[in-house]
Amino acid sequence: MGNIITAEHITKRFSEHIALDDVSVEIPRGSVYGLLGPNGAGKTTLIRTINRITLPDSGRILFNDKPITQQDIFRIGYLPEERGLYRKMKVGEQALFLARLKGLSRHEALVRLKEWFVRLGIESWWDKKVEELSKGMAQKIQFIVTVLHRPELLIFDEPFSGFDPINANLLKEEILRLRDEGATVIFSTHNMSSVEEICDHITLINKSRNILSGKVDDIRRAHGGNTFAVQYKGDGKALTERVQGACKVLENEESSTGFSTLKIHIERNEDIRSVVALINDTVEMRQFTETIPSMNDIFIQAVNG
Amino acid sequence: MRKNIGLIIGREFRERVYKKSFIITTIVMPLLMILLSAAPTLIMEYADSETRQITVVDESNIIAPRLASNKDVAFIISNNDIATTLVATSQDEANFGVLHIGKDIIENPNNARLYTTSSSSLMLEEEIASQIEDVIESERLKAYNIENIAEILDKVKASVHLTTLRTDKDEESAASSAIASSIIGLILGFLLYFILVIYGAMVMQSVIEEKSSRILEVMVSTVKPFEMLMGKILGVALVAAVQIAVWGVLLIVCSAVIMPAFMPDNILDSVQQVQGGADAALLATQQNIDPEMLTALSSILNTGHIAMIFAMVLLFTMGGFLLYSSLYAAVGASVDQAQDAQQLTAPITIPIIIAFVVTMMIMKDPNSPIVFWCSMIPFTSPIVMVARIPSGIPAWEIATSLVVLYATFVLCVWGAAKIYKIGIFMHGSKPTLRDLWRWLKN
């Protein structure tokens, strides 16, 4: 598939501090790509660099393997974190204005807008003034305007902030639907559960540097540290004694009524099957799973470590 | 990306023109101005219609018999002394006041007092004082024992009205009235001053709004900052142009249709003759009209003249507006809220105020060096030149001033765009003039 965006050694300095320090990112076409990082890490600056709002001091951005140009910007939809609309303007008029700025004809924009308004059930907002809308309502409008011109690449900066769970879910579904229709989605967030649910790739930026990049599954597995959980029925003491030599027992939570849980660490070069055989020999095994850390754990570990 | 600028201009224009306040100021303002200018006459006409009765106690016996009652004041002579008269009149509702004239009034003209029960009016006091003055003057003259003094004085009296004819114009030497031109000039200067300040602030305010509501961020991902800046400036300029055009049309209609309809026929005839080149002074004497008024009327009622002036006003307003609003936009882009802008707008406002002050000097001499140079320097030229134009200015001066103005505008927009580009992404710290200068050099 190739990469839709390749950022090569991007460095951006502001007068007092360095916002991006030699950051390289590759964003595969068709992926949902998460840009993670604590506040002030440089996520928004990276997004602005991709968008050509700010130009990097050094390094370059490739769009579909060619240096990005102003024309390419029309193929990008960008929803900034701190978003705004003209408060005094009517919703429909404003959406039409922004859509036409992105190169849609009046007619085309009108047709697509109506379609979106119907889909999200907000037709009645068309003639309302923006100042009459709640924050979440205004964000819906902005989302529509961002994706309306069907850009190849969508960039959302903190898209879920300000949404209630129902609308956040609606938004998530729309994002996935857009991906299924062929768009690539980049979004920056601190919301780790949303990362696990919809991102397939991530980059973790901390203190202006890219400290972790890759597929979400690979990263979680890599951070798994080869710990496993065993659910069993039987003599816990005997089990601990039996497996002691083959692996390291981290914890053994015994329960007299139901199933007990044993947590073990198996060294990478050890044979997992022999450990399983030992367990199977001693107790009645119900479940054997690898413990994969959540993105939240990885995030905190990576940033603090 | 010309299409984008068009879209932005359209949005800025619609946002303002469809507002009620715009329609009100455009239509109501001129009506208000006409009303305001007519107000003093109307007030004089209606306010002081009541005749005030004044009881006069004259110890000199010279003044009282010669005081003349008229529609404003009625004099009643009292033979009692002042104390008794005051007591006697205090119960009389009809009596407005008591005038007490001292014995030595001829030698000591200040020895006159007016006692009133309620506050008197300036007009009443002036009326009484001037009547007393007349009597004293004629009494003093009489003391010289000159024969037929009244007749001599009558003959000596002369009233001079200068009729100014311009000889430097190629067109017919239209009679121009200095007073009418300078008043029109002053009004136009005033108008320009307001347009520059109000519309400039409007541009600044709306840039601040776009910045603080983060619309700019949404926009600049598709529109270049320069397009945003130009779109806004041109959009608001269009609004100003429409407003001035409406005012111009109203004024032309007023001068071509409404004013002549209300004018007495003989004056209108004379005005038309003056416009046709007749001698205003001669006509005025024949028709028994004030010649100054006749020339003034003929230039106000000259529709072509008015239209020409308005075309000029439009050109200078646009130039001045474009120049100043680009500066205001740069300031707006660099601050987070309107309060922070004050320090930065000061250098912009100062030339406007200077220009306004210089405009006052035009009444004295529309061609003095300071006025001339201020009408050439681009930052003061829109206001000063517009105020000078009604006095009749050589075409080369107007053309030079316009060229300089528009050239400076291009330069300013270029600089403003640089500040704007950086400013719109600067949040938090309040920038100083030095910061702006650094951004400009960036």
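How many residue pairs are in polar contact between chain A and chain B, with both residues at pLDDT 80 or more? The legends below describe close-up views of a predicted model, beginning with the contact that answers this question.

**View 1. The contact between chain A and chain B.** Between the two chains, one residue pair is in polar contact, both residues being at pLDDT 80 or more. Helix α2 (residues 91-101) of chain A gives the most to the side of chain A that touches chain B, namely five residues. That side of chain A comprises 12 nonpolar, six polar and six charged residues. In total, 24 residues from chain A and 22 residues from chain B take part in the contact. About 2200 Å² is buried between chain A and chain B, with 65% of it on carbon and sulfur atoms. The number of salt bridges between these chains is zero.

**View 2. The buried residues of helix α10 in chain A.** Within helix α10 (residues 295-304) of chain A, the residues A:Met295, A:Ile298 and A:Phe299 are buried. These residues lie on the same side of α10(A) because they cover an arc of only 100 degrees around the axis. An α-helix has 3.6 residues a turn, so residues three or four places apart point the same way. The buried residues of α10(A) pack against β3 (32-36), α6 (192-198), β9 (201-206), β10 (209-215) and α7 (216-222) of chain A.

**View 3. The surroundings of A:Pro293.** A:Pro293 is located in the loop between β14 (284-290) and α10 of chain A. With a relative accessible area of 17%, A:Pro293 is buried. Apart from neighbours within four places in sequence, A:Pro293 is in contact with A:Arg220, A:His223, A:Gly224 and A:Ile298. A distance of 9.7 Å separates the C-alpha atoms of A:Pro293 and A:Thr227, which are 66 residues apart along the chain.

**View 4. The salt bridge between A:Arg87 and A:Glu131.** The closest N and O atoms of A:Arg87 and A:Glu131 are 3.5 Å apart in this salt bridge. The pair links distant parts of the chain, 44 residues apart: A:Arg87 is in the loop between β6 (76-79) and α2 of chain A, and A:Glu131 is in the loop between α3 (106-119) and α4 (135-147) of chain A. A:Arg87 is partly exposed at 49% relative accessibility, and A:Glu131 is partly exposed at 31%.

View 5. The salt bridge between B:Glu210 and B:Lys232 has its closest N and O atoms 3.2 Å apart. B:Glu210 belongs to helix α6 (residues 178-212) of chain B and B:Lys232 to helix α8 (residues 225-262) of chain B, so the pair ties together parts 22 residues apart in sequence. Both B:Glu210 and B:Lys232 are buried. A network of salt bridges links B:Arg11, B:Glu12, B:Glu15, B:Arg16, B:Glu210 and B:Lys232.

Terms used: Residues numbered from 1 in each chain as written. Chains lettered and ligands numbered in written order. Predicted model: local features only at pLDDT ≥ 70, side-chain atom pairs only at ≥ 80, totals over all residues. Heavy atoms only, no water. Contact = heavy atoms within 4.5 Å. Buried area = accessible area lost by both parts, 1.4 Å probe. Salt bridge = Lys/Arg side-chain N within 4 Å of Asp/Glu carboxyl O. Polar contact = N/O pair within 3.5 Å; in protein donor to acceptor, adjacent residues only side chain to side chain. Helix = DSSP H or I, 4+ residues; strand = E, 2+ residues; numbered from the N terminus. Nonpolar A, V, L, I, M, F, W, Y, C, P; charged D, E, K, R; others polar. Buried < 20%, exposed > 50% of the residue type's maximum accessible area, 1.4 Å probe, protein only. Arc of directions from axis to C-beta.
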